[in-house]
Amino acid sequence: MPRSALRICPLCEATCGLTLTIEGTTVTGARGDRDDVFSRGFICPKGAAFGQIDADPDRLRTPLVRRDGRLQEATWEEAYDAIAAAVPGIVAEHGAQSVGVVLGNPNVHTMAGALYPPLLLKTLGTRNLFTASTLDQMPKHVSSGFLFGDPLAIPVPDLDRTDFLLLLGANPVESNGSLCTAPDFPGRLKALRARGGTLVVVDPRRTRTAALADRHLAPRPGSDALLLAALAHTLLAEKLAAPGPLEERVEGLGELGAALGSFTPEAVAPACDLTADEIRSLARELAAAPTAAVYGRIGSCTVEHGTLASWLVDVLNILTGNLDRPGGALFPLSATDRSPRPAGPGRGFTVGRWRSRVSGHAEAKSELPIAALAEEIETPGEGRIRTLIAIAANPVLSAPDGDRLDRALVGLDFMVSVDPYLNETSRHAHVVLPPPPPAQSAHFDFAFNAFAVRNQARYSPPAIPLEQGRMDECEIHARLILAVSGLHGAPPGAVDERVIADTLARAAADAHSPLHGTDPSEQAHRLTGRTGPERRLDMMLRLGPYELVLDDLLEAPHGIDLGPLRPRLPEVLKTRSGRIELLADPIAAELPRLRTALADRPAALVLVGRRHLRSNNSWLHNVPALTGGSNRCTLQVHPQDAARLGLTDGGRARVAADGGSLEVPVEVTEAVRTGVVSLPHGWGHDRAGARLGVASAVPGANVNQLLDGTRIDRLSGTAVLNAFPVELTPLP
């Protein structure tokens, strides 16, 4: 007989609750959990395809070990023996910096990815960390670090209570939201308008989100920082700025006007390809709204001035008095956050504490730009990366110039991939460690609850017992840590118990901890949970702000609602001054470069990416239910540009840029404005040696191959993946 099980969807940032239908050990259906306290039954095509994703026949079932130049199936013991025989010796001979670690986007969608990579990095002692953040949201981390002293203190729009929402470079109707965890984002936008609110979307494409808006502005791509600077200038020049109670917590407000003095609407309008009146009108509406929130995402991050654009988003929220205010932009409080501390100065935030070996790129948030990974492997000398550990990462497709990285990976002494697939990157590994399907894994959203538009806590035990021959993903990570540390063969549970002992000892000594003064060993004995990760989750809940324990979550399978977001700015601030530092020195030093963009001659044609509801980066192209239809790798071109260039709908074109050229099918559409073409991210499944049967049948083209990695946002090290110039040539 079929049975049902509840599961939080791990396939995007919306974290919707699912009700799975299971027959034996197979997921045969998935629908939205109507009783989920957060998602209330919402589901998207990705969640509905959960069963196909779970049962994908191309998922690896056993480890692979390279023997005689070929990857072959092996036992778990053989896989870890190979790692233990290679990595510690390379570190002993060449030092800790000879190891690089790459973390992909899926890491933040699993418990294992949240709990273990920090321990791996600490064990290895390497500074060579590269993650998907420098292909996505690092500008927001850096700008938040400068403003608030904490790169993880990212305010999110209070979608359910705001009166005015300004979205830039975001298409949440298709992405389901990002750095803003909100199930049923489309429904929330419709509810905003139904209650009389206003939605303004700024995007060079006529996206499905833009179609819902009261007003859609289509500026020239890459001009987000200029537009936002002009909005802030207008608020200050017209004395519309009203920070209200925030003013006493802000440093640099008096200097901001002079710093933005060049960015008048008239000066900015030509570069944005908007009118000065449109810019002024938008600033005045933003100031006049009873409550308002400005929200910018990947389209405003992955451009040349992405950090400045991210900073200006919050500058506008501050100037209008909408930061840390219901209906504005607030800081979530996750159930596994530390319990609140008294307000006061912190250690602050900086970048550039170390630099990459070859090009001298500054670290940001302890990460180096992933665009620099290939050169760090290729370039001889002390500190060259000889060993790479890639966890849920496919940078051959996701990073600039995949061809160069593809060649570089061949030259590694040793590579480990933790990945369910043999994909474009993991095919180079010496050992591949495959996690089990998501239905066989427990789930708690450590990362995304910190960006949720409503505070809540939900936990999913495994819906299906671990299949024989599989290894739990958390155990895979724990054994990896032991293998690289010289403790190969020790019980994997020892990793969790060490973390628990160290964490409880610190909590006992912390005057602000709820466990201050208690006996750490007694507290460890009180922890519940069947596994080490569950015991760690129980510990984090006990140390958190809501006095929860794991049993509370187990007894509430649809989740626990912890209420709407609330103002909490004083406890968030960790700057050295204990105030919002509105104009940090690195930001002020970067503004002159933004001024030069006012006089730049714009390229005739620039390229932007795009998202699709049935895709998530390079993840889901191997799932039959999520392929085909409008989810295609086509170059979208405006009819006027197509006519000028001799392109036809359904024809083919060569696209050329810094890093090379691609041949792609053309889609003529008014969804893009003139002067802009669009090609989606995550495609290019045509490399020999990968085992992705569905994806390789319709491989598409890797848009990042158009880039050579030299275009980056200087403050954050983020690759410029949008608004770069291209040339088109029609093909027969």
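A contact here means that heavy atoms lie within 4.5 Å. By that criterion, residues 24 or more positions apart account for 73% of the contacts in the chain with a separation of 6 or more. The structure is a predicted model, and its chain contains 27 helices and 29 strands.

**Overall dimensions**

- The radius of gyration is 25 Å, which agrees with the value near 27 Å that a compact globule of 732 residues would have.
- Along the principal axes, the C-alpha atoms occupy a box of roughly 70 × 70 × 60 Å.

**Burial and surface**

- Of the 732 residues in the chain, 60% are buried.

**Nonpolar cores**

- In soluble globular proteins, nonpolar side chains tend to be buried together.
- The largest nonpolar core of this chain has 66 residues.
- Within that core, the residues that touch the most other members are Leu166, Leu228, Leu231, Leu260, Trp311 and Ile580.
- Leaving aside residues up to four places away in sequence, Leu228 touches Leu168, Val294, Ala309, Leu312, Val313 and Leu316.
- Another core, of 53 residues, lies apart from the largest one, and its members include Leu115, Leu480, Ile481 and Leu550.

Note on methods
Residues numbered from 1 in each chain as written. Predicted model: local features only at pLDDT ≥ 70, side-chain atom pairs only at ≥ 80, totals over all residues. Heavy atoms only, no water. Helix = DSSP H or I, 4+ residues; strand = E, 2+ residues; numbered from the N terminus. Rg over C-alpha atoms; globule rule 2.2 N^0.38 Å. Buried < 20%, exposed > 50% of the residue type's maximum accessible area, 1.4 Å probe, protein only. Core = buried A, V, L, I, M, F, W, Y, C linked by side-chain atoms within 4.5 Å.
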